[in-house]
Amino acid sequence: MAQGDTTIDRTALFEFLTRMGDNSLILGHRVSEWCGLSPVLEEDIALANVALDLIGQTQLWLGLAGEVEGKGRTADNLAYLRDAGAFRNLLLVERPNGDFGQTLVRQFLFDAWHFEMLTALKKSTDARVAEIAAKAVKEVAYHLERSSDLIIRLGDGTDESRARMQAALDDQWSYTGEMFLADDADRAVAAAGIAPAPDTLRAAWEKVVKSVLSEATLTIPDGSYAHKGGKRGVHTEHLGFILAQMQFLQRAYPGTTW
Amino acid sequence: MYAQMVKTDADRVKTLDEMAPQERAFQERIDRNEKIEPKEWMPEAYRTTLIRQIGQHAHSEIVGQLPEGNWITRAPTLERKAILLAKVQDEAGHGLYLYCAAETLGVSRDELLEKLHSGKMKYSSIFNYPTLTWADMGAVGWLVDGAAIMNQVPLQRTSYGPYSRAMVRICKEESFHQRQGYDIMMKMCAGTADQKAMAQDALNRFWYPSLMMFGPSDADSVHSAQSLAWKIKVDTNDELRQKFVDQTVPQAKYLGLTIPDAELKWNEEKGGYDFSQPDWDEFFDVIAGNGPCNKERLGARVKAWDDGAWYRDGLTAHAQKAATRRTTAKIAAE
């Protein structure tokens, strides 16, 4: 049996796993909203691919969360039958798509964090966590490469594309701080060696973000204020609407197999 | 069929004796089932007809993302969501192969898109119908992709090389799409009364529009005769429609669903089903822009294109800057 099961409170591990799964699920949902509507056919294909990776990762994280919880809930049960207050994703990923620049900046800021997190999780003391991370990090390395490249090209593109990317960055920046804040659950999984302490990812994240934004000729916003609440279930107004849409069939036809 | 009523500019099909030597040699190659490749000589009408056909097919793939994309965010399980995403991604990929095949005939993707956006080129009538319930994801896969396969399998043997090779790849993916659609239908038909009612309703709404996908009878159409002679069309619309009905009726029976056609019956003599024709007035209304979703579908594509102009301009500007920097660096180094 993996060490994680025996040395820490299952509640903290469940909490951590739902945070990972909910981030993928909600961002995957947002990205999939672009289906057929992106600026160019290659982007339709790339976005569907990113969404597909994220939904696949959701199945793994929430599947394991259900197993750890031990109450017989499946990944689908967790995705489709929890209300907003039980969701643990970062506020950043539920932010509306906005224009394509907003979508790209949100993706880039998340990808840079996601990559560092998964890289660290490959060394998790919980073998199941390490295994999921090892699979997911390969996909996310590609997500980060793609979003970084587009940030650079559009930042250093036309006056309009730079202005749009800068506006998107200014708008999303205050939603990045939440990635690095720790609570008791974070401290418990970090102490057990299951996951890194959130603040230990900041330096590597900043290095990537600064380097890409500098090449993109974009300016990092001054403010250090961090909106927070997603990790403990206090969300923006947007999440309720995402869930109303996503969970509609499961809620309207309870107990039905699809 | 994703290309309907493609015009050929012909007023009748010429005989070999009436052709100039170059055209005659071309037709004889087609008659011998040789493939025509991009750089080779071809009659101008063959080229323009293929551009219309491949372009219309490509447009259908990309507009076709929309009715299914409509349910991705509401898919009932994570697995169904992943499958639907993969499927819609395939459709975009098909659009890409087909635009590339059209480019080999000397027309750019941007030119074709401009014609789509301005209404000069069409996409398949089927995508102007709404997807109202989850069962429609099943019906679209089963019937719409089923009808598309019926047309596209013979097109793997079409005379134009790049189109034929694109079709080989597309057909493999389409058959997976049809299976996933049928799988949704099986699940719903074996499910609750609500689900079965949804499945029957989806069949009722998609049956006749699916029959329309093959286009009106073209037994007397000079355009079809010319396309058949060039082997860019392999069967007539009626032959394909008959094959589709014959294939689909037993599948509906297996699901326990009723085809919404009181006239449907097995005809021993012809070895196929007799069935009612769709309402062709409705078809021409939809083609003319009056289908239930024409405005939304085309409007969504035009908006996506217009909203994305800054993105495409930004990438182009960056590419130019990067090229200038490379040149400057090279000069400095010399």
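Let's start with the meeting of the two chains: 48 residues of chain B are in contact (heavy atoms within 4.5 Å) with 51 residues of chain A. Keep in mind that this is a predicted model, in which local features need pLDDT of at least 70 and side-chain atom pairs count only at pLDDT 80 or more, while totals for chains, interfaces and linings use all residues. Residues are numbered from 1 along each chain as its sequence is written, chains are lettered from A in the order in which they are written, and side-chain values use heavy atoms, leaving out hydrogens and water.

Between them, chain B and chain A bury about 4200 Å², and 68% of that is on carbon and sulfur atoms; buried area here is the accessible area (1.4 Å probe) that two parts lose on being put together, summed over both. On chain B's side, L78(B), W310(B) and Y311(B) lose the most area to chain A, together 21% of what that side buries.

What about charges? There are 4 salt bridges between chain B and chain A, each one a side-chain nitrogen of Lys or Arg within 4 Å of a carboxyl oxygen of Asp or Glu. K321(B) makes one with D156(A), with the closest N and O atoms 2.9 Å apart.

Which parts of chain B touch chain A? The elements that give two or more residues are α3 (65-72), α4 (78-103), α7 (161-189), α8 (193-212), α12 (294-307) and α13 (309-333) of chain B, helices being DSSP runs of H or I with at least four residues, numbered from the N terminus. The largest share, 14 residues, comes from α4(B).

Now for the pockets, which are open sets of points on a 1 Å grid where a 1.4 Å probe fits, with protein on both sides within 12 Å along at least five of seven lines. The largest pocket has a volume of about 690 Å³, a volume being the space filled by probe spheres set on the points. Its lining has 28 residues (those with an atom within 4 Å of a point), and Q4(B), M5(B), V6(B), K7(B) and Q56(B) lie nearest its centre. α2(B) gives the most to this lining, with 5 residues.

The second largest pocket holds about 270 Å³ of space. Of the 13 residues lining it, the closest to its centre are E33(A), L37(A), L66(B), G69(B) and N70(B). Two or more residues of that lining come from each of α3 and α12 of chain B.
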